[in-house]
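Colleague: I have a model open on my screen and would like to go through it slowly with you. Could you walk me through it while I ask simple questions?

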Amino acid sequence: MEAPSEAQLSRSTGGWITFPFIIASSVGLTLAFGGWQSNLIVYLIEEFEVESIDAAQISNLVNGAGSLIPVLAAIVADSFLGCFSTIWICSIISLLGTILLALTATLDTLRPKPCEVDSTSCIPKPRIQYVVLYAAIVLATLGSGGTRSTLSTIGADQLNKPKEQGIFFNWFFFFWYSASVVASTAIVYVEDNVSWKVGFFICAAANVVASVIFLMGTRFYTKFKPEGSPFTSLARVVVASIRKRKMPLPLTGDDFYHGRSGVEPKAILFAPSKTFRFLNRAAIKSEGDINPDGSTTNRWRLCSVQEVEDFKSLIKIVPLWSSSFFLGTTIGVQASLSVLQALAMERHVGQHFQIPAGSVLVFVLISTAIFLALFDKFLFPTWKNLTGKSLTPLQRIGVGHVLNFLSMGVSALVESKRLKLAKSNHLDQGSIIVHMSVLWLVPQLALVGIAEAFHYPGQVSLYYQEFPITLKNMATAMISVLVGIAFYLATALVDVVRKATTWLPGNINNGRLDNVYWLLVVGSALNFGYYVTCAWYYKYQNLKEVDHNGSTSDE
């Protein structure tokens, strides 16, 4: 990564002078969210006596919401509030939720009293305690999700040159990954070994510091007024095509609307493509549709050919996009179940240190970060020297599918070994701790991290290059939507398995978690076949040759 120069940092408004404020805010808010979210499953089980599988389901819901909310926040910022207002409002919402969560760990009245095993006089758990708990989780998730995409957007908005924006994104994600690792290790360690109260108040403090630092940079930010949601132009194409559904399709491009003179080049007088021909009616010119200056009298009745083609390009990429739903679903299931496995395994490293169960997923982050660096500096240049070509986004995504498939297989084998040890020591009847090191989980988590290093940037590059120019801001949002839906699908899949089988009881030593992983192996294989089919028939629309960092070049 290239660091910004001192000259770049010296601008008084906009530019790199805003970089420290935005990065510090991102780090603080990531620590605040990751510090409690990484250990949420353990907190629900130990302090609120939520069943292990239910706790994993709640964690999946939180992860799903954390990925979908940034998309909604981006729409609100684009359409109404702008990035600056969206960020400070959401940071306050996040702070309220985090403080409320910390209070559940501080006040005995907000936490159920522990019930002794085989006791017949357990006090019923007040419903208000769970209402407060879930309200805290909702507020903290809503606030954190609202800042995630808008912080990166406002940071890039301060810079004019694409190269500088690329440098910013490199550093932004570097600090985001670093903060996530700290949250998943240091803060989780405090929660497990000092107290939940101290850990959660550290999260709240990080949120406060992040909000203050962000507001301190107010006078340096270049703020842009909301320009309206990009989804509006898509909706107009659908509405206009429906309103003109009875009109015959013209044979020449002259009968289609190509935009206002002076705004779009007059030379572009081509007819819309023949795919999804029904949508072409949205661009048919009819009496009363166009003003004397060339503008439309009703934008919900007439769209330009370019707007129609933009909408078609999104439709064409949907099958490829949908192939990643199950890819994300397997990752979501594995993430939550790995924490449950860690709780039932030996987590001591040496005599005095115990790995927190909620920290095991940090191996995914570490392997992703390491291999992203290796790809950029070694693997991709070596591949290009050997083959003369760079890996395309579709190839990167395909490799990610294969590695993810292998990760599920390793997960199944490790769980089979753990279950054999549990049954041989009769741990299915009492204690749940199996004398098997939690480090056995590292290979499967490292594999899924390496897979993410392939398919996540590959998808970002694909969507960014293939999306229309007017909809570039939606490219990264597509990933967030995918991840969010995948986590909800993971929740639904676990629910179906629980109802249809006996594989997922409260004590996983009594279940067949290995069968769940084998089910994911079969599903991953079928999904990879679907992906290969979609990729085989897909034709790049906006590029001929793609290098590993997303730039294009002609053949």
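Colleague: To begin, how many helices and strands does the secondary structure of the chain come to?

Modeller: The chain has 14 helices and six strands, where helices (H or I, at least four residues) and strands (E, at least two) are DSSP runs numbered from the N terminus. Please keep in mind that this is a predicted model, in which local features need pLDDT of at least 70 and side-chain atom pairs count only at pLDDT 80 or more, while totals for chains, interfaces and linings use all residues. Residues are numbered from 1 along each chain as its sequence is written, and side-chain values use heavy atoms, with hydrogens and water left out.

Colleague: What share of the residues count as buried?

Modeller: Of the 555 residues, 51% count as buried, and buried means under 20% relative accessible area, exposed means over 50%, and partly exposed lies in between (1.4 Å probe, protein chains only). The accessible surface of the chain comes to about 26000 Å², of which 64% belongs to carbon and sulfur atoms; such areas come from the Shrake-Rupley method with a 1.4 Å probe, and for residues only the protein chains shown count as cover.

Colleague: And inside, which residues have the most contacts in the largest nonpolar core?

Modeller: They are Trp36, Tyr43, Leu101, Leu133, Phe200 and Leu340, in a core of 57 residues. A nonpolar core is a set of buried Ala, Val, Leu, Ile, Met, Phe, Trp, Tyr and Cys residues joined through side-chain atoms within 4.5 Å. The largest share of this core, eight residues, comes from helix α4, which covers residues 52-106. Apart from this core lies another one, of 31 residues, among them Val71, Phe256, Phe311 and Ile397.

Colleague: Take Leu133, then; what does it touch?

Modeller: Leaving aside residues up to four places away in sequence, Leu133 touches Tyr43, Leu44, Phe48, Leu101 and Thr104, where a contact means heavy atoms within 4.5 Å.

Colleague: Changing topic, which residues form the nonpolar patch on the surface?

Modeller: The patch is formed by Val76, Phe80, Leu81, Trp88, Ile89, Ile92, Leu96, Leu139 and Leu215, with about 770 Å² of accessible area together. Patches are made of residues with over 30% relative accessible area and no salt bridge, with like charges joined within 9 Å and nonpolar side chains (Val, Leu, Ile, Met, Phe, Trp, Tyr) within 5 Å. Helix α4 gives the most to this patch, with seven residues. Val76 is placed in helix α4 and counts as partly exposed because its relative accessibility is 31%.

Colleague: You mentioned salt bridges; how many does a search of the whole structure find?

Modeller: The search finds nine, a salt bridge being a side-chain nitrogen of Lys or Arg within 4 Å of a carboxyl oxygen of Asp or Glu. One of them joins the side chains of Asp54 and Arg498, at 2.7 Å from N to O. Asp54 lies in helix α4 and Arg498 in helix α13 (residues 473-500), so the pair ties together parts that are 444 residues apart in sequence.

Colleague: What about Arg236, which residue does it form a salt bridge with?

Modeller: Its partner is Glu307, and the closest N and O atoms are 3.0 Å apart. This pair links distant parts of the chain, with Arg236 in helix α8 (residues 231-243) and Glu307 in helix α9 (residues 305-343), 71 residues apart. Arg236 is buried, with a relative accessible area of 7%, whereas Glu307 counts as partly exposed at 21% relative accessibility.

Colleague: And is Asp289, which forms a salt bridge with Lys244, buried or exposed?

Modeller: Asp289 counts as buried because its relative accessibility is 2%, and Lys244 is buried too, with a relative accessible area of 1%. Their closest N and O atoms are 2.6 Å apart. There is also a network of salt bridges that links Glu47, Asp108 and Arg111.

Colleague: One last thing: where is Glu49 found?

Modeller: Glu49 is found in the loop between α3 (40-48) and α4, and it has a positive phi of about 55° although it is not a glycine. Most residues other than glycine have a negative phi. Phe276 has a positive phi as well, of about 50°, and lies in the loop between α8 and α9.
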